[in-house]
Amino acid sequence: MSNKSLEGKVAIVTGGGRGLGRAHALALAEAGARVLVNDLGGSDRGEGANNGPALEVVREIHAAGGEAKANTSSISDWDGAKSVVDDAIRHFGRLDILVNNAGISRFGSDIASISKDDWEVTMAVNLTGTAAMSHWAAAHWQERGPEAGRAIINTSSPAGVNPLPGSPAYCVSKAAVAALTQTSAAELARLGVRVNALAPMARTRMTDAVPMIDAMMKRSETFDPYGPGNVSPLVVYLASKECRFTGRVFGIGGGRTYLFSGWSADAEIVVENDLITIPAIAEALRDVPVAERPYIIMPGLHLQKPFPDDEILQALNLA
Ligand SMILES: NC(=O)c1ccc[n+]([C@@H]2O[C@H](COP(=O)([O-])OP(=O)(O)OC[C@H]3O[C@@H](n4cnc5c(N)ncnc54)[C@H](O)[C@@H]3O)[C@@H](O)[C@H]2O)c1
């Protein structure tokens, strides 16, 4: 692929002022795209606002000889999301690539202790923001008519496809982003839009805040395989005509890139033309192992099982 594989294309990167989004915006600009850098500039918990991060990345792109404009709206607001798409079209006259990257995490509360605010704000940014941006981009493309070469790249998480205990809102929002990726891919193919998702692992302020994840991300003195810039070539690939995929989730981080294959069915009970009985269910499931497979953050990076056997036994025996 040439360095300028995205010449003539216009891209939006939400949350493009820091971390992974910043790296994606720089990489897309380097590949020749004109970039609308969106970032609200709030804290890692989604509080406050600051136009500095978006403006700084625009300055960096200009300094490298690229074209970019800033937008500092919140994508969790349906009208704010519309302003991002409107700005891309106002500044650059078209839209080809939408990178839905903006996200927040409020790790540390389980379902028993999570507050309504933590649940709602996480869903609003990670899920509603991704949906709102996809809606306005798709509505624009629908108005313009079909054209090959369009792409949406969503941001799920290894914690969305293999949920971790301790952050239900984050995991659920990211699982929903994977589902939205599949529905959008099926709906928007007719407009020439491919829709895929990343499940990245990269060293950013988000992972700095979670010591367990930070400790897993080993680096050498000369190279950091978890640098955000290692994820962005996948974004450029997914945005380019080299990519044949749609509706898929790509894991990436620590020098590994891989494809997730979604939910699978482990046990099957077939009862046709009759009501299934409770003993038939119990009998069919009798030999299926109770514990799930080990929790896999990514190939080669396993945690303990999500439900250790002794915890399952404890739950069964509490009555
Ligand atoms: N870093 C990782 O290992 C990792 C792992 C899995 C998923 N992710 C996902 O990658 C994405 C980027 O995360 P990061 O690690 O670079 O974090 P980050 O905190 O460094 O960057 C996120 C950016 O999004 C912006 N943002 C937040 N809410 C916004 C809103 N409402 N509107 C516009 N901008 C908003 C923030 O201001 C920030 O600049 C997130 O969706 C995150 O969930 C990251």
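A backbone N or O atom of Asn101 lies 2.7 Å from an oxygen atom of the ligand. That is a handy place to start looking at this structure, which is a predicted model.

| Residue | Protein atom | Ligand atom | Distance |
|---|---|---|---|
| Asn101 | backbone N or O | oxygen | 2.7 Å |
| Lys174 | polar side-chain atom | oxygen | 2.8 Å |
| Leu40 | backbone N or O | nitrogen | 3.2 Å |

How much of the ligand's accessible area does the protein cover? On its own the ligand has 830 Å² of accessible area, and the protein covers 97% of that.

Now for the neighbours. The shell around the ligand holds 31 residues, and those that come nearest are Asp39, Asn101, Tyr170, Thr204 and Arg205. Sorted by class, this shell has 15 polar, 12 nonpolar and 4 charged residues. Helix 1, helix 6 and helix 7 each give two or more residues to the shell, and helix 7 provides the largest share, with 3 residues.

Where does the ligand sit? Its place is the second largest pocket, which holds about 880 Å³ of space. Lining this pocket are 48 residues, of which Gly103, Ile104, Ser105, Tyr170 and Met206 are the closest to its centre.

Helix 1 (19-30), helix 5 (158-161), helix 6 (168-188), helix 7 (205-208) and helix 8 (211-216) each give two or more residues to it. By class, the pocket lining counts 22 polar, 21 nonpolar and 5 charged residues.

Terms used: Residues numbered from 1 in each chain as written. Predicted model: local features only at pLDDT ≥ 70, side-chain atom pairs only at ≥ 80, totals over all residues. Heavy atoms only, no water. 1 Å grid on protein atoms, 1.4 Å probe; cavity = no way out; pocket = protein on both sides within 12 Å on 5 of 7 lines; lining within 4 Å. Points joined across faces, edges and corners; volume = space filled by probe spheres on them. Helix = DSSP H or I, 4+ residues; strand = E, 2+ residues; numbered from the N terminus. Nonpolar A, V, L, I, M, F, W, Y, C, P; charged D, E, K, R; others polar. Near = heavy atom within 4 Å. Polar contact = N/O pair within 3.5 Å; in protein donor to acceptor, adjacent residues only side chain to side chain. Areas by Shrake-Rupley, 256 points an atom, 1.4 Å probe, with all protein chains shown as cover. Sits in = over half its atoms within 2 Å of the grid points.
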